Amino acid sequence: MPPRWVGRCPECQEWGTVAEAAPVAARSAGLRVALDGGTVTAPARPMTEVDVTTARAVPTGVGELDRVLGGGLVPGAVVLVAGEPGVGKSTLLLEAAAAVARTGGRALYVTGEESAAQVRLRAERTGAVHERLWLADETDLSAVLGHVEAVQPQLLVLDSVQTVASADIEGTAGGVAQVREVAAAVSRVAKTRAMSTLLVGHVTKDGTVAGPRVLEHLVDVVLAFEGERHSALRMLRASKNRFGPADEVGCFEQTDAGVVGVPDPSGLFLSHRTEGVPGTCVTVTIDGRRALVAEVQALVSPAASDQVPPRRTTSGLDSARMQLLLAVLSKRAGVPIGKQDVYASTVGGVRLAEPAVDLAVALAVASGTCDRALPAGVIAVGEVGLAGDVRRVPGVRRRLSEAHRLGFTKALVPSGCADGAPAGLRVTEVGDIREALRAIGLGSRS
């Protein structure tokens, strides 16, 4: 019987539910091919014979970006850079594209959010204009792939993946199906052409990458570009990296000339003054693989009224952790902060979340309560437990080396952590919070 169109199912009486299926013989043949094995595209080889020269990372010319990527961009790699609006994602990737163009490569920057003229104006402001950097403003996937075919770039920047749509897929740009199709198509082209690709991604209000979770699985590297709107500091973090470390962090500074890498960011998180001020203490935090010297400040003042609970306000610190430290100071060290307002903050907009900064926060609060400054050149590293004990933290040797490099002369560390300290840095081991306060002249010696 010749095939004929059926619009309505004779069983359920619904319209448009009848789907075409392969004959049983064809399905059986396909099953036999799957069981017997099909034609391979390339023969398997011993691992020792696989050529890795084509998978070597090529530096982009932006030092901090290369640091996070693990040395540079691998040909054919697809990198997703996500961040909040206005944080500087487009500026950073435009500068990366210009850097590749300066080294003799050919870069294509496709924007779906701005016009080519707007991108050119930003490039003039940041010094990213180059004849080997090509610009296009497109929101259709086939047009984007057409530009790739015409330009033949070594680097493609797509800003952003949520603004491009395929005519073959239903739904608006930014939808789940569209984002999945666009990312998959661009990834296939990147792998086929050995073309490095940088995708700009949007984030939701809770900070996660917008779109389907499969987007993060399709790409090779996922980077988060973070920063406060009112701070010049920007941090680039890797949450997934198939070609390098996934715990690396890069530091940038937002300036009038664009996003500038900061190879030595420790100075950004310190207040530069000659005299000590009560309520301040310096610590060393490890962010990714990088040791950063940062300063904690605490202001302690009497509460406005006995009828109102004292205020506890933090900026750049974990508020819940701060409450625990205040309770430990009051109970275990006898610091009178029960009816005091406590305001604690970090310098330079850095966020200190690891427990290794506990000791510095506690000493800053104790110093502010006593209104006495800590000795000059002191740093404090250690986790404070609820029993008042100062616990060990990882990477103490690296922290002490960074503090010594910046000119600090004395360090308070947990017991058993003084081995391997640099020469010229006087290290004092403390077992609990009372001992730490006595070591800097803030506690009772009884």
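Tutor: Happy to. The chain exposes about 22800 Å², and carbon and sulfur atoms supply 53% of that area (areas come from the Shrake-Rupley method with a 1.4 Å probe, and for residues only the protein chains shown count as cover). Please keep in mind that this is a predicted model, in which local features need pLDDT of at least 70 and side-chain atom pairs count only at pLDDT 80 or more, while totals for chains, interfaces and linings use all residues. Residues are numbered from 1 along each chain as its sequence is written, and side-chain values use heavy atoms, with hydrogens and water left out.

The chain has eleven helices and 18 strands; these are DSSP runs numbered from the N terminus, with helices being H or I of at least four residues and strands E of at least two. Its C-alpha atoms fill a box of roughly 105 × 60 × 50 Å along the principal axes. Of the 446 residues, 43% are buried (buried means under 20% relative accessible area, exposed over 50%, and partly exposed in between, with a 1.4 Å probe and protein chains only).

Now for the helix itself, α4, which spans residues 116-126. Its buried residues are Val 119, Arg 122, Ala 123 and Thr 126. Seen down the axis of α4, these residues fall within an arc of 105°, so they line one face of the helix; the arc is that of the directions from the helix axis to the C-beta atoms. On the other side of α4, Ala 117, Leu 121 and Arg 125 are exposed.

What covers the buried residues? The cover includes helix α3 (89-102) and the strands β2 (107-111), β3 (133-137) and β9 (258-261), where contact means heavy atoms within 4.5 Å. After α4 comes Gly 127, whose phi is positive, near 75°.

Ser 160 sits in the loop between β4 (155-159) and α6 (176-193), and at 0% relative accessibility Ser 160 counts as buried. Leaving aside neighbours within four places in sequence, Ser 160 is in contact with Gly 112, Glu 113, Val 200 and His 202. Glu 149, in helix α5 (residues 141-151), is partly exposed, with a relative accessible area of 47%.
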